[in-house]
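My entries follow in the order I made them.

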Amino acid sequence: MRLHYEGRRDGQQIIDDISAASLRVAGGAGAPNKLILGENRAVLKALLDRYAGKVGLVYIDPPFATNAHFRVGGDRANSVSSSRRDPIAYSDRLIGPAYLEFLRERLVLLRELLADNGSIYLHIDYKIGHYVKVLMDEVFGAENFRNDITRIKCNPKNFARKGYGNIKDMILFYGKSDAATWREARRPLSAEQAVRLFKKTDAEGRRYTTVPLHAPGETTRGETSKPWRGMPPPKGRHWRSAPDVLDQLDRQGLIEWSATGVPRKKIYLDEGNGQKVQDIWEFKDPQHPNYPTEKNLDMLKLIVGASSNEGDLVLDCFCGSATTLIAAEELGRNWIGIDESEHAIAVAQRRLGSSAGERGAIAEYETLVQRGGNDELHATTQPIFHPVNANPHRKPEQLRLAA
Ligand SMILES: C[S@@+](CC[C@H](N)C(=O)[O-])C[C@H]1O[C@@H](n2cnc3c(N)ncnc32)[C@H](O)[C@@H]1O
């Protein structure tokens, strides 16, 4: 299944036709992490040489085809603004087919960069998101689709509008293949959930609940289809464990027998590790953002923690104020961030350089700038590229881009 629209190009043609950006090092030469000021299509093409098949995780939060400008406060460079007099941080002016092809070109390149065990998360809104889902299925394969995560982004609104209030957006999650890294994310139960879900208390005062000893599906062969203590598994089900394991559980006091002789397994609250994270997340946007449309850092930490391992390379080619990069840094991953807005890069540098308390150590990174790219950039007058905290003794890194 694929979307047909005007201006759509063949995937290989996209890769072949794009000219790679030429990048110059503006600071922190040799550090493995990269913060790149440039137009991401040309920069991604440039990254292919060194990083094809090497990226462990991509998170992107592209423009959402809103046809709007996003501004920063002129005299308060660290806050967002809606005054028309204030400078534009970035513009989101592509809509319809032009927007879809813009995004598809980047997705095609990102697929090339992803490792076989890599994953991609794409943050999008409810207006354009359903078209983007079809693009994602096409580029990454419907069989690799893992979740459409509903993200609750704000408190309920009472705007006058002939429709329900919109408090959510969506995150589309795909593995590059079945081998995509997955580190099960779990959340501790709240006190209220603990009491509601673990209603019973044993003689020692420990909270527990019980679950059936059998599971759906009949097996015709194997130990779990056999009777246990003279009881066959109920029709259409099989025992969760072989009879000798069930005997052992019973000896350990981990099976509760009802008055009518029905056995159930005891699950203790203090032995559990919380609840599997589900596909509705509440991570509201920051109340005092550093940058327009800045995302919630805890949400990025959940994504990075669940879909990458320490030392993996995390890429965000619409990195804005560097939320993804900070999450990667805090969790011990390497990272590459790209943005074409000088405002974004300035805020990213400030956040990366000032949150040592948050991360424990100041990030070391190389800053790169697309040569000759300034004409295409959403230019600002702000000076950027403060000295970065690169370690002068670090050995030059193998994968360094050309200076
Ligand atoms: C929604 S914002 C990302 C916000 C980010 N997630 C954060 O937490 O700060 C989208 C960003 O994409 C950047 N962008 C848009 N088109 C781009 C392009 N072609 N190349 C590079 N960056 C681009 C914009 O400058 C903007 O900073």
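**Entry 1: the chain as a whole**

I began with contacts: of those in the chain with a separation of 6 or more, 71% join residues 24 or more positions apart. I count two residues as in contact if their C-beta atoms, placed from the backbone, lie within 7 Å. This is a predicted model, so I note the limits: local features need pLDDT of at least 70, side-chain atom pairs count only at pLDDT 80 or more, and totals for chains, interfaces and linings use all residues. Residues are numbered from 1 along each chain as its sequence is written.

I looked up the secondary structure next and found 10 helices and 21 strands. Helices (H or I, at least four residues) and strands (E, at least two) are DSSP runs, numbered from the N terminus. Buried residues make up 33% of the 403 residues in the chain. A residue is buried if 20 or more other C-beta atoms lie within 10 Å of its own, exposed if 12 or fewer, and partly exposed in between, with C-beta atoms placed from the backbone.

**Entry 2: the largest nonpolar core**

I then turned to the largest nonpolar core, which has 75 residues. Such a core is a set of buried Ala, Val, Leu, Ile, Met, Phe, Trp, Tyr and Cys residues joined through C-beta atoms within 7 Å. Val55, Val58, Leu113, Leu122, Leu172 and Ala348 touch the most other members. Helix H3 (residues 96–113) supplies the largest share of this core, eight residues.

Leaving out residues up to four places away in sequence, Val55 touches Leu113, Leu114, Ala115, Gly118, Leu313 and Leu315.

**Entry 3: H3 and its two neighbours**

I took H2 (residues 40–51) against H3 and read an angle of about 15 degrees, with the axes 9 Å apart. Axes are lines fitted to C-alpha atoms, for helices over the stretch in contact, and angles run from 0 to 180 degrees between N-to-C directions. That angle makes H2 roughly parallel to H3. Angles under 35 degrees count as roughly parallel, over 145 as roughly antiparallel, 65 to 115 as roughly perpendicular and the rest as oblique.

The crossing of H2 and H3 is left-handed. Left-handed means that the near helix is turned anticlockwise from the far one by less than a right angle, right-handed that it is turned clockwise. H2 brings Asn40, Arg41, Leu44, Lys45, Leu47, Leu48 and Tyr51 to the contact, and H3 brings Glu105, Arg106, Leu109, Leu110, Glu112 and Leu113. By class I noted seven nonpolar, one polar and five charged residues for H2 with H3. Ala, Val, Leu, Ile, Met, Phe, Trp, Tyr, Cys and Pro count as nonpolar, Asp, Glu, Lys and Arg as charged, and the others, Gly among them, as polar.

H3 against H4 (residues 129–140) came next: the angle is about 30 degrees and the axes are 10 Å apart. H3 and H4 are therefore roughly parallel to each other. Their crossing is right-handed. Leu100, Leu103, Arg104, Leu107, Val108 and Arg111 of H3 meet Tyr131, Val132, Leu135, Met136, Val139 and Phe140 of H4. This contact of H3 with H4 holds 10 nonpolar, no polar and two charged residues.

I checked H8 (residues 323–330) for burial: seven of its eight residues are buried. They are Thr323, Thr324, Leu325, Ile326, Ala327, Ala328 and Glu329. Just after H8, Gly332 takes a positive phi of about 75 degrees.

The axes of H7 (residues 297–307) and H8 come within 9 Å and cross at roughly 55 degrees. That makes H7 oblique to H8. I logged this crossing as right-handed. Leu297, Leu300, Lys301 and Val304 of H7 meet Thr323, Thr324, Ile326, Ala327, Ala328 and Glu330 of H8.

**Entry 4: two single residues**

I looked up Tyr121, which lies in strand S7 (residues 114–124). Tyr121 counts as buried, with 24 C-beta neighbours inside 10 Å. Beyond four places in sequence, Tyr121 touches Tyr59, Ile171, Phe173 and Ile303.

My last stop was Pro62, in the loop between strand S3 (55–60) and strand S4 (68–72). Pro62 counts as buried because it has 21 C-beta neighbours inside 10 Å. Outside four places in sequence, Pro62 touches Leu103 and Phe318.
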